[in-house]
Amino acid sequence: MQIEYIGAFNIIVGVLVRFWPVWLALAIVLGASFAYKKRLGLYGQLFDSSVGIAGVVICLFWLFTAIFASTVAPFDPLAQIPVMKDALPGAIEPASKGVFLFGGDKLARDIFSRMVYGSQIVLIIAPAATGFALMVGITLGLPAGYYGGKIDTVLSFLANLVLAFPVILLFYLLVTPGIMDTPIPYGMAGLFFLFPIIFFCTLFWTRYKNRPDRLYLLLGLTLVLGGWIYIGLVFDADPLRIVHIDPNQLNIFVAVVFASSPGVFRIVRGLTMDIKTRDYVAAAQTRGETPWYIMLWEILPNARGPLIVDACLRIGYTTILLGTLGYFGLGLAPESPDWGTAIKDASRLLRSFIHPALPPTIALMSFVLGLNLLADSLREQSMKD
């Protein structure tokens, strides 16, 4: 069957048109951000520099792409249309007359649609895993830096023990298919996913313990929502089937949290040891505030700048790591549209067809670039503060 093609100009126009909900969302968010940037705190300050604007635009672009993936993508990312195998960019699918804007891969799937849906996997796993790693690192790093002594010695030893192990080998051990047959990933998930619940319960208790009406409400919401997410992620037992994670994704999720937490711990510990010597901490101690109140409401807010920058860099690092794991065929399922798997599949035919490798590579590179630009701008703003 003869395949027809559209020209390069029509391909560019077709791509821009497919992203129409992303452009609309970007216009609304950026317009509101510029209009109210003086009221938006640290986020608003990002729009005072070209680096910050570029970082925000790139990150928001991929965020909205993930949100509107079903609208942007013209085909099912897993659908195979035999006649479109290794089709060049701009190929018109004979049956539906839909266009494979970036061509077809070796399994006759639409490369453009797979790139778009691949953003969902990256933007779910990388930020969420980094958030959980921050919770673990903060919860353990604050008491280690504040109390010192045996607590610091034990926790620092455990952190250094994990950091001493090569990261790639550590991930290889944690994401190999056979480990899912053991209770190790679920046991680690059960432990790590407790930290956000513990963190927020402690946060609200130290702040509102003298205001029972607000305290009980916040604690109740934390326990209900936290418990709901916990049983959904760890036991896959959410009765509403809203909170769910595939076993392969849980494996990667736990591996990222386990490998990233010690680094966050060391940063928080160092910041705490420095900030606890400040005058406002001494004033809080003089007022009779409890140690956990001082750690969570005096020290942590003043450490937010470096931690936000570190979080952006860690999301970018995790994104690269996910791509690396996908490239080596570890973690996610072989048919997954994540960018690493797409690059791996395309790399085997680079001498014959280069077009399947370019979209996921450029997508991965641009998203990490946006995160790095965002981190650079945040670093500048935190130094001013």
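Buried means under 20% relative accessible area, exposed means over 50%, and partly exposed is anything in between, using a 1.4 Å probe and protein chains only. With that in hand, Asp376 comes out as partly exposed, because its relative accessible area is 32%.

Some ground rules come next. What you see above is a predicted model, where local features need pLDDT of at least 70 and side-chain atom pairs count only at pLDDT 80 or more, while totals for chains, interfaces and linings use all residues. Residues are numbered from 1 along each chain as its sequence is written, and side-chain values use heavy atoms, with hydrogens and water left out.

**Salt bridges**

Let's stay with Asp376 for a moment. Its partner in a salt bridge is Arg379; the term stands for a side-chain nitrogen of Lys or Arg within 4 Å of a carboxyl oxygen of Asp or Glu. Both residues sit in helix H17 (residues 358-384), three residues apart, which is about one turn of the helix. Helices here are DSSP runs of H or I with at least four residues, numbered from the N terminus. Arg379 is partly exposed too, with a relative accessible area of 33%.

Searching the whole structure turns up eleven salt bridges. Here are some of them:

| Salt bridge | Closest N and O atoms |
|---|---|
| Asp105 with Arg114 | 3.9 Å |
| Lys344 with Asp345 | 4.0 Å |
| Arg379 with Asp376 | 2.8 Å |

Asp105, Arg114, Lys344 and Asp345 belong, along with Arg109, to a network linked by salt bridges. Are Asp105 and Arg114 buried or exposed? Asp105 is buried at 8% relative accessible area, and Arg114 counts as buried at 4%. Lys344 is buried as well, with 12%, and Asp345 also falls in the buried class, at 13%.

**A nonpolar patch**

Now for the surface. Ile12, Leu16, Trp20, Trp23, Leu24 and Ile28 make up a nonpolar patch there, with about 640 Å² of accessible area together. To join such a patch, a residue needs over 30% relative accessible area and no salt bridge, and nonpolar side chains (Val, Leu, Ile, Met, Phe, Trp, Tyr) are joined within 5 Å. The areas come from the Shrake-Rupley method with a 1.4 Å probe, and for residues only the protein chains shown count as cover.

Which helix gives the most to the patch? That's H2, with four residues. Helix H1 (8-18) and helix H2 (20-35) are the elements that give two or more residues. Leu24 lies in H2 and is partly exposed, with a relative accessible area of 48%.

**How helices pack**

Helix H7 (residues 149-163) packs with helix H12 (residues 247-275) at about 135 degrees, their axes being 9 Å apart. Axes are lines fitted to C-alpha atoms, for helices over the stretch in contact, and angles run from 0 to 180 degrees between N-to-C directions. H7 and H12 are therefore oblique to each other. Angles under 35 degrees count as roughly parallel, over 145 as roughly antiparallel, 65 to 115 as roughly perpendicular, and the rest as oblique.

Helix H6 (residues 111-147) and helix H14 (residues 291-299) pack at about 110 degrees, with axes 11 Å apart. That makes H6 roughly perpendicular to H14.

**One last residue**

Asp279 is found in helix H13 (residues 279-286). It is exposed, with a relative accessible area of 67%.

Methods:
Patches are made of residues with over 30% relative accessible area and no salt bridge: like charges are joined within 9 Å, nonpolar side chains (Val, Leu, Ile, Met, Phe, Trp, Tyr) within 5 Å.
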